[in-house]
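Student: I'd like to learn how to read ring pairs, helix contacts and a sheet in a model. Can you walk me through one?

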Amino acid sequence: MKSLAQEIEGYSTSHLRKQSTRVTTVTGRKLVETRSGDDFHVADDTERDSDASCGFVQDLNLDLQVGAIRPFLLLSSQDAAHDIDTLKKFKVTHVLNVAYGVENVFPDLFTYKTVTMLDLSETDITSYFSECFEFINQASQQCGVALVHCNAGVSRSASVVIGFLMSQEKMSFEEAFSTVKNARPSIQPNPGFIGQLKKYHP
């Protein structure tokens, strides 16, 4: 099993789907990073938008869609996790952040847990399941609502939720995948995660 440090060291842009993110550096400079396979392009976007939220990374296409898996379990992207109105609308009390480099923005309002993982096929996602499931169950036992998110809400967080249903409700992979897909149609775990989930026997 690789450590997170080893996964980061072996990280390659070839693993990434086409994606554009907006980054505000600590100096206030705004950049738009676009990745597609091995291609990586950075454009300066400082003049177009002058509001500075230093160190904040935001997807250009806002995704506030929240998948209700169970009354106590929700799935979303980082956009919904950063939108206070969405969090209040769904009565969120706990937030499980399984992204890499995404901050928890309302620490005084919600109970957070960060489990940093990379969206790479070689990441051993099942090794993170125990602590993730414990947090989700904690929310449920406290009559709360847990929101699970990564960056886009399609691979890491979806895989965690699928694994949770397989573990806690004894669903087959197919049943769990279908349940999560129906709640959030955009999910698409990477091939490595799919393979691990199919072999997962809690």
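Tutor: Let's go through the aromatic pairs, then a helix contact, then the sheet. This is a predicted model, where local features need pLDDT of at least 70, side-chain atom pairs count only at pLDDT 80 or more, and totals for chains, interfaces and linings use all residues. Residues are numbered from 1 along each chain as its sequence is written, and side-chain values use heavy atoms, with hydrogens and water left out.

Student: How many aromatic pairs are there by the rule you use?

Tutor: Rings of Phe, Tyr and Trp (its six-membered ring) pair if their centres lie within 6.5 Å; planes under 30 degrees apart are stacked, over 60 edge-to-face, and the rest tilted. That rule gives 7 aromatic pairs. Take Phe72 and Phe164: the ring centres are 6.3 Å apart and the planes sit at 70°, so this pair is edge-to-face.

Student: Which parts of the chain does that pair link?

Tutor: Helices (H or I, at least four residues) and strands (E, at least two) are DSSP runs, numbered from the N terminus. Phe72 is in the loop between β5 (67–70) and β6 (73–76), while Phe164 belongs to helix α5 (residues 156–168), 92 residues apart.

Student: Is Phe164 buried or exposed?

Tutor: Buried means under 20% relative accessible area, exposed over 50%, partly exposed in between (1.4 Å probe, protein chains only). Phe164 has 1%, so it's buried. Phe129 is buried too, at 2%. Phe72, Phe129, Phe133, Phe164 and Tyr200 form one aromatic cluster.

Student: At what angle do the axes of α4 and α5 cross?

Tutor: Axes are lines fitted to C-alpha atoms, for helices over the stretch in contact, and angles run from 0 to 180 degrees between N-to-C directions. Here the axes of α4 and α5 come within 10 Å and cross at roughly 75°. Angles under 35 degrees are roughly parallel, over 145 roughly antiparallel, 65 to 115 roughly perpendicular, and the rest oblique. So α4 is roughly perpendicular to α5. Contact means heavy atoms within 4.5 Å, and the residues making it include Phe129 and Phe133 of α4 and Phe164 of α5.

Student: What is the strand order in the open sheet?

Tutor: Two strands pair if DSSP finds at least two bridges between them. The open sheet has 5 strands in the order β5-β6-β9-β7-β8, with mixed pairing. Its edge strands, β5 and β8 (111–114), each pair on one side only. β5 and β6 run antiparallel, joined by 3 bridges.
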